[in-house]
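Try each task before you read its solution.

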Amino acid sequence: MKLLTVFTPSYNRAYCLHQLYESMQRQTSKNFEWLIIDDGSTDNTEVLVNDWIKEDLVPIRYFKQQNQGMHGAHNTAYEHMETELNVCIDSDDYLTDNAVEIIESFWEEHRNDKYCGFIALDCYKNGQIIGTELPKHLKSSTLYDLYYKHGVAGDKKLVYRTSLMRENPYPLFEGEKYVGLNWKYLLLDKSYELLILHEILCVVEYMPDGSTRNMLTQYRRNPKGFAFYRVELMKLPFSSLAFRYRQAIHYISSSLISKNKNWLKEVPNKGLSILAIPLGLLLYFYISFKTRGIISQKGKINEYPMA
């Protein structure tokens, strides 16, 4: 049994997926398998991956499904994993050459059921760390505390225990393709901390068609998914008042976009949500203005969220 599943949700990314495949071949440890969830691609992803499977240079499992969005692809990936650990590497990113070896040795040294996994670093192609480094004085922390108490910024690489990630599948909303992936990670914060690994595991490239560049469009096209995400974040027992207020602003905006007349009945903190109405309205008008042309072109761009 391998230790690690590297899983990759992919939608029409055949043109860049080779970078990740080549990084798999360069790994100094082979204690992994690559699980590709093809989320309804219409390009030549299936042919490309089947050719790689025939090459037999990397252990690959490939599943194709009807397009559900990134969170739906994550659900499918967790259903099919067979390893103790997993890490998601997006289709436009790739692993450093010794990433699997680092993961393997770190977990062998620190394996403990009180941790849900560990967090490590991403970098740009020039080697610059994305955002901040991780706190040197901490051995472990929750994801929430790292970002909202210790000032961590930027994308990081999360390696989780697979048995825990199978719990609480992401909900699917008809006609929508997005639910914030952080929902599942922050649920784990209620019971577990992440170990901290000060090593770079992944090289990241932000593509023009990725969700990082298209977040306003995602807000507009997936309001029910975002409203669910904001309500769930408001329920987190360890979150600060400022954090919950920010979620309330976004919740109101998403509720207006989805024309949800019962928004106040469905929110956990009604007083805070009422106070957030003015900024929620402003955010709604801003998103509506910024996406007015994009929405009319629905279907003409890659809508798959990548981060």
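**Exercise 1.** Find the side chain that makes a polar contact with the side chain of Ser 29.

*Solution.* Start at Ser 29. Its side chain makes a polar contact with the side chain of Glu 104, at 2.8 Å. A polar contact is a pair of N or O atoms within 3.5 Å; within protein, one must be able to donate a hydrogen and the other to accept it, and residues adjacent in sequence count only if both atoms are side-chain atoms. Next, look at the backbone: the Ser 29 side chain reaches the backbone nitrogen of Asn 31 at 3.3 Å.

The model is predicted: local features need pLDDT of at least 70, side-chain atom pairs count only at pLDDT 80 or more, and totals for chains, interfaces and linings use all residues. Residues are numbered from 1 along each chain as its sequence is written, and side-chain values use heavy atoms, leaving out hydrogens and water.

**Exercise 2.** Decide whether Ser 29 is buried or exposed.

*Solution.* Take the cut-offs. Buried means under 20% relative accessible area, exposed over 50%, partly exposed in between (1.4 Å probe, protein chains only). Ser 29 has 8% relative accessibility, so Ser 29 counts as buried. Now list its contacts (heavy atoms within 4.5 Å). Leaving out residues up to four places away in sequence, Ser 29 touches Val 100, Glu 101 and Glu 104.

**Exercise 3.** Classify Leu 281 by its relative accessibility.

*Solution.* Leu 281 is at 33%, so Leu 281 counts as partly exposed. Then place Leu 281: it is found in helix H13, residues 277-290. Helices (H or I, at least four residues) are DSSP runs, numbered from the N terminus.

Methods: Helix = DSSP H or I, 4+ residues; strand = E, 2+ residues; numbered from the N terminus.
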